[in-house]
Amino acid sequence: MPTARERSGPPVVLATVTPGLEAVAIAEIIETVAGAVIVSTSRGKVYARIPALDPALTDLRTVDNLYLYLGEVEVGVRRVDLSALGTAVASLGGVIGLFRHRESDWGDSPSFVVNASRIGKQAYSRFDAATAVAQAIALKVPGWTNATPAVIHTVARRDLEDEGDAAPRFARSTVELRLDILGQRGVVGWRLTPPSFRFRGQVRAFAPGSILPTIANALVRMSEPRNDDVFLDPFAGTGTILAERATTDALAVIGTEIDSDLIPGLRPGRVGASAGGSPVFEADARRLPVRDGTVGAVVSNLPFGRQVLDEDAIVPLYIDAARELRRVMSPNGRAILMTTRVDVIEAAMGAAGFVGEVLTTISLNGQNPSVLRYIRV
Ligand SMILES: C[S@@+](CC[C@H](N)C(=O)[O-])C[C@H]1O[C@@H](n2cnc3c(N)ncnc32)[C@H](O)[C@@H]1O
């Protein structure tokens with residue numbers, strides 16, 4: 001029979017984050033949640049002990065999802081170990097307590113799902129593990145529908161539709177458990193945040209090259225925002241970075257974008273507005289409609305990879321855009337730029353008179369763009 005470790009003491013939350021952005025998320029958690037102590041971190045995950053389940057958690061803008069740590073179980077690697085795994089998870093006091101606690105909220109047809117991830121050499125898939133755990137739980141919680149895994153996509157979609165523009169909040173329409181198998185250890189958590197949390201309560205807007213608001217927020221934080229910033233994203237896309245920058249004070253937050261279809265209201269010669277209401281001008285980043293030496297901070301997700309049809313166009317684009325940034329930025333201005341073409345941007349920014357460094361490399365839809373910080377000297 002596998003051994004289990006119950007959760008004890010103050011709550012521990014798992015914050016999931018885009019791999020490569022853990023350090024930014026840690027800084028934000030410590031700054032935002034009073035008394036938070038980081039207990040461990042690994043790629044894409046930050047565990048923090050907090051004095052209580054603080055509503056300030058929902059103010060976090062660099063994390064994708066939050067889970068409450070419920071306990072750990074020992075995990076066997078053979079298929080025959082699966083039923084013992086299920087029993088061990090279903091026997092955790094935190095798991096069963098959770099169902100009792102939630103039952104009254106869900107009326108006649110409460111449902112739950114189990115998601116699993118797996119690292120190591122097990123003879124079964126993560127779906128097998130999730131199913132085994134869900135079946136064991138279902139036996140203990142009569143009246144609850146096991147929605148694992150077949151209808152999980154339906155549940156997620158329903159949550160998005162239900163929540164519409166509503167502000168992110170803890171409550172959601174199903175209980176979602178998470179099992180992370182790391183070799184012979186299984187960590188069990190309860191998902192606190194709805195799917196719309198990382199999309200700021202909106203249904204996701206799809207545009208080629210657009211990044212999650214959580215990534216945009218991390219990039220903005222790397223620019224060390226100041227309330228006297230004139231802030232520019234010259235490759236604004238749908239305005240995700242502008243919207244995140246607009247959540248804290250600045251003298252001005254503006255963007256430019258060459259494709260007028262991406263921003264509502266943006267038409268040739270007209271000014272559109274990003275999600276946060278910041279003005280976006282239809283303009284070429286190589287010829288910005290901005291006066292010399294006026295911009296103090298730039299954050300931009302540059303065109304790269306599949307978004308650019310002609311790879312050869314990248315080199316001249318980066319050279320010309322870097323030269324234009326040099327013109328519009330003030331001395332000591334900061335620029336945070338993200339691209340997979342590190343060699344090209346380093347050469348272009350160096351030639352334009354910037355000094356810089358690679359801050360981190362992230363995982364993004366199968367690509368690994370780097371984030372670079374530059375100072376205009
Ligand atoms: C990687 S995307 C940026 C996406 C944005 N961060 C978002 O989340 O929506 C790069 C953007 O640069 C735009 N672009 C490409 N060449 C440009 C140019 N010369 N001047 C201005 N924008 C350009 C593309 O249309 C695209 O929207």
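A: For the classes used here, Ala, Val, Leu, Ile, Met, Phe, Trp, Tyr, Cys and Pro count as nonpolar, Asp, Glu, Lys and Arg as charged, and the others, Gly among them, as polar. This is a predicted model, in which local features need pLDDT of at least 70 and side-chain atom pairs count only at pLDDT 80 or more, while totals for chains, interfaces and linings use all residues. Residues are numbered from 1 along each chain as its sequence is written, and side-chain values use heavy atoms, with hydrogens and water left out.

The ligand is surrounded by 24 residues (a residue is near a molecule if one of its heavy atoms lies within 4 Å of it), and the closest are Thr238, Thr240, Glu257, Asp284 and Ala285. By class, this shell has 12 nonpolar, 8 polar and 4 charged residues.

Polar contacts (pairs of N or O atoms within 3.5 Å) involve several of these side chains. An N or O atom in the side chain of Thr238 is 2.8 Å from an oxygen atom of the ligand, and for the side chain of Thr240 the distance from an N or O atom to a ligand oxygen is 2.8 Å. In the side chain of Asp284, an N or O atom lies 3.0 Å from a nitrogen atom of the ligand. Taken alone, the ligand exposes 610 Å², and the protein buries 90% of that, with accessible areas from the Shrake-Rupley method and a 1.4 Å probe.

Conventions:
A polar contact is a pair of N or O atoms within 3.5 Å; within protein, one must be able to donate a hydrogen and the other to accept it, and residues adjacent in sequence count only if both atoms are side-chain atoms.
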